[in-house]
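Have a look at the structure first, then read on.

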Amino acid sequence: MRILLLCSSFNGLTQRAWLELRRAGHDVTVELAVSEQVMLEAAQLAKPDLTICPFLKEKIPAPLWQNHRTIIIHPGPPGDRGPSSLDWAIADAEPEWGVTALQAVEEMDAGPIWGFRTFAMPAEPPRKSALYNGPVADAAVELVVEVAAKAMDAGFAPVPLDYRSPLVRGRLRPAMRHGDREFSWSEPTDAVLRRVRSADGAPGGRVLLEGRMMRVFDVYRGPVVVGTPGSVVARREGAVLVHTGDGTVWVGHLRAEEPGAIKLPAALVLGDRVAGLEERPGYSEVTYDRSDAVGVVSFDFYNGAMSTEQCRRLASALRYAAAQDTRVVVLRGGEVFSNGIHLNVIEAARHPELEAWMNINAINQVCREVIACTGQLVVTSVGGNAGAGGVMMGLGADRVLIREGVVLNPHYRTMGLFGSEFWTYVLPRRVGASVAGRLTGEALPVGAAQAVELGLADRMMVGSRLEFERSVLEYAERLAAGDDYERLLGIRREVREADERRKPLEAYRVEELAEMSRDMFDDRNGFRQARQAFVRKRKVVATPEHLAVHRELSGASAGSGAATSHM
């Protein structure tokens, strides 16, 4: 079918939907819903058999849904309505939640139902971003594929929304307001966690901290110790420890409610107020665990962004792991594997270009540790999405294992950068020079199955993130105990030595950084503007060039495979 995918942003969820629909054989056009006119124009050009709108924030113009079958993917169970569904689900401690596919009608979220999925909510309040990128995204992508299949069935008829049905458990909920986001440090830790996580990653919980109104993000339970609620008593790796009514919480990120303020590591926002506080253990973004044969370096950086300091800590952990007497090192990312350098920290620096330069050199050191580890086999565990340098960072391993549903964006062009992280070495080595050029030039997402087909990854594994991580550990243990371990390690050493003789790693680094210096300091490809637009969350005014349908071609052959081949 010809399918028009209308979205508020081409994020991980929309990218997964696009990839799955294309794998199912459909011609898919993506359009960002920047205005009613753009949406109507997109439908006129694409002439879709079906329009799908995953979690669209904008109202769909009546002429579109009146003339084209238009399906909304809504982040709530049947009957749930309103723009703050996930926020309320977490704040109200709902035991079960879901995702519903429903047909667009005049009344918002009230159309007939095409399908739905439900899932149990965790007892511990999840971050809204983790819920969205986890079970919600999995359910939504399943529904998108199901809707496309049902649309081709002439006998299918959606079920009208009927609140008398036992399957319809949702209700109309209002949009969350400022007051709904506010909390007090004197509340119990459980209440603070739930309030903040229901608003993470946007717009954040709202509270007074150190005399300033703040938006709070990225919170974790701290030790149960008595203290004055709201007092900041310690720091650790950019986070700060704050007393609640019955304990403490680690706060990872803050955004001051001041003009021009951006989300940053909490200690950076509070500055001199916390500079003299003790560094207290109990919170760490980078950890090392081991069995007899396998060492695991785990890192979990908020939103996958890696600052200069975070990169240095991760590189240090990798050096430590490589020096141990284990046989395999596993490099394991978190909810988001990695998205490369930390654009917010760069933007907030006194000299952003200099900070960007330091950041890229620091992440290069992480990549070097992965590539240069020849005393053990290295396994990269990609359980969450990755982009730009975050993709390249893991490619120097012997084995790259990827979780089903993960989306990779192995390119830099959309940020106006040539890229570094030794990508000119590790990417062609895995996929070949031609495919490497296409991946970095087209700037399109790659799904997990396609990553294995291309050679970006070696094996795809199914299951939740925790199930995936257990499978990776079992794989690493088998690798360490295998009869061919010494042979594989010998090959790793021989290949590395041969590659080094052919062209040293330092040569790749110098060549890449020569290009990056022009991007960062001379701004030859718009890095400054792209960075600021990303950090400041500037509203997109048009579908990006690498996604846009060529309208002249579409006009000549509306909705055809040729018209959408530039996707």
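Let's start with the cysteines: the disulfide count for this structure comes to 0. Keep in mind that we're looking at a predicted model.

**Cysteines**
- Cys7 isn't in a disulfide, and the nearest cysteine sulfur, on Cys53, sits 9.1 Å away. A pair would have to be within 2.5 Å to count.
- Cys7 is buried, with a relative accessibility of 0%.
- Cys367 isn't in a disulfide either; for this one the nearest cysteine sulfur belongs to Cys311, 8.3 Å off.
- Cys367 counts as buried too, at 1% relative accessibility.

**Salt bridges**
- Searching the whole structure turns up 48 salt bridges.
- One of them pairs Arg2 with Asp49, with 3.8 Å between the closest N and O atoms. That's a link between distant parts of the chain, 47 residues apart: Arg2 is in strand 1, while Asp49 is in the loop between helix 2 and strand 3.
- Both partners are partly exposed, Arg2 at 30% relative accessible area and Asp49 at 31%.
- Arg127 and Asp218 also meet in a salt bridge, at 3.0 Å from N to O. Here the partners are 91 residues apart, with Arg127 in the loop between strand 6 and helix 5 and Asp218 in strand 8. Arg127 and Asp218 are both buried.
- Arg487 bridges to Asp484 at 3.5 Å, N to O, and Asp484 is partly exposed at 33%.
- There's a network as well: Glu347, Glu353, Asp523, Arg528, Arg531 and Arg536 are joined by salt bridges that share partners.

**Cavities**
- The structure has 4 cavities of 30 Å³ or more.
- The largest cavity comes in at about 80 Å³. Its lining includes Phe337, Thr380, Val382, Leu408 and Leu456.
- Strand 16 (377-382) and helix 12 (389-393) each give at least two residues to that lining. By class, the lining has 8 nonpolar and 3 polar residues, with no charged ones.
- The second largest cavity holds about 50 Å³ of space. Among the residues lining this second cavity are Leu318, Arg319, Glu369 and Cys373.
- Helix 9 (308-322) and helix 11 (352-372) each supply at least two lining residues there, and helix 9 has the largest share, with 3 residues.
- By class, the lining of the second largest cavity has 6 nonpolar and 2 charged residues, and no polar ones.

Key:
Residues numbered from 1 in each chain as written. Predicted model: local features only at pLDDT ≥ 70, side-chain atom pairs only at ≥ 80, totals over all residues. Heavy atoms only, no water. 1 Å grid on protein atoms, 1.4 Å probe; cavity = no way out; pocket = protein on both sides within 12 Å on 5 of 7 lines; lining within 4 Å. Points joined across faces, edges and corners; volume = space filled by probe spheres on them. Helix = DSSP H or I, 4+ residues; strand = E, 2+ residues; numbered from the N terminus. Nonpolar A, V, L, I, M, F, W, Y, C, P; charged D, E, K, R; others polar. Buried < 20%, exposed > 50% of the residue type's maximum accessible area, 1.4 Å probe, protein only. Salt bridge = Lys/Arg side-chain N within 4 Å of Asp/Glu carboxyl O.
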